[in-house]
Amino acid sequence: MNKSKYLDSCIQILKGMLGDQSNELGSEQQRALAGEIRKLKKLRKQPLMKRDELYRIVGEIAETVSKILS
């Protein structure tokens, strides 16, 4: 399984959270979540990336999503 399949599944999960009618996300939280989806899509398009840069981006996304959910 390659990187893009993992990213695609993460994007689908975040899109599901964004489009879920039962969620209680405010407009700012929805914008933040949409921004993180855009970051994942950009990441998918970059074929070669340094490992620490990849970890930094994924860490930022995880931090934002955890703030949204708490």
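E36 lies in helix 2 (residues 27-45) of this predicted model, where helices are DSSP runs of H or I of at least four residues, numbered from the N terminus. At 6% relative accessibility E36 counts as buried, because buried means under 20% relative accessible area, exposed over 50% and partly exposed in between, with a 1.4 Å probe and protein chains only. Contacts are heavy atoms within 4.5 Å; the table leaves out residues up to four places away in sequence.

| Residue | Touches |
|---|---|
| E36 | E60, I61 and T64 |
| I61 | E36, K39 and L40 |

In helix 3, I57, I61, V65 and I68 are buried. Seen down the axis of helix 3, these buried residues fall within an arc of 65°, so they line one face of the helix; the arc is that of the directions from the helix axis to the C-beta atoms. R51, D52, Y55 and K67 are exposed on the other side of helix 3.

The largest nonpolar core has 12 residues: L7, I11, L14, L25, L33, I37, L40, L43, I57, I61, V65 and I68. Such a core is a set of buried Ala, Val, Leu, Ile, Met, Phe, Trp, Tyr and Cys residues joined through side-chain atoms within 4.5 Å. At least two residues of this core come from each of helix 1 (3-19), helix 2 and helix 3.

Residues are numbered from 1 along each chain as its sequence is written. Local features need pLDDT of at least 70 and side-chain atom pairs count only at pLDDT 80 or more, while totals for chains, interfaces and linings use all residues; side-chain values use heavy atoms, with hydrogens and water left out.
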